[in-house]
Amino acid sequence: MLPSLTLIILFQLAGTFVQQHFNSPIPGAVIGMILFFLYLCLAGGSNEKLQETGSRLLKHLPLLFIPAGVGILVYTEELRTQGIAIVASLTLGSLIAFVITLLIFKKLTAIQNTTRAHND
């Protein structure tokens, strides 16, 4: 588990380095995930140890939300004054994401059905 966890942390650190070095507005963790995804694509996927480590991390995922909960408590006053705008933007953003996901899913399903019809 330790080599796989080290690999994951190294990609996150690499993402943070890239973010700070290029002063990117994209968070370092997101850049690290993209780099890790590219690594997995080039390496031909993950191995069993990496999957096991990922499963263990997902098992303890709620612990990672504790800092977000603390942040909510710290910014209580801002949430009181701008809470409606935040909830409205989250709701609207979620609806837009759901609609776009649905449209992409429908388009991909149509392409898949067309491909199957040509193969049969």
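The protein has a radius of gyration of 20 Å, whereas a compact globule of 120 residues would come near 14 Å (taken over C-alpha atoms, with the globule rule being 2.2 Å times the number of residues to the power 0.38). Its C-alpha atoms fill a box of roughly 60 × 40 × 35 Å along the principal axes. Keep in mind that this is a predicted model, where local features need pLDDT of at least 70, side-chain atom pairs count only at pLDDT 80 or more, and totals for chains, interfaces and linings use all residues. Residues are numbered from 1 along each chain as its sequence is written, and side-chain values use heavy atoms, without hydrogens and water.

Let's walk along the chain. There are five helices and zero strands, in the pattern α-α-α-α-α (DSSP runs numbered from the N terminus: H or I of at least four residues for helices, E of at least two for strands).

Where does the largest pocket draw two or more lining residues from? The elements are α1 (2–21), α2 (28–43) and α3 (48–59). This pocket holds about 660 Å³ of space, and of its 18 lining residues, Ile 8, Met 33, Phe 36, Leu 57 and Leu 64 are closest to its centre. On a 1 Å grid over the protein atoms alone, a pocket is an open set of points where a 1.4 Å probe fits, with protein on both sides within 12 Å along at least five of seven lines; lining residues have an atom within 4 Å of a point. Grid points are joined across faces, edges and corners, and the volume is the space filled by probe spheres set on them.
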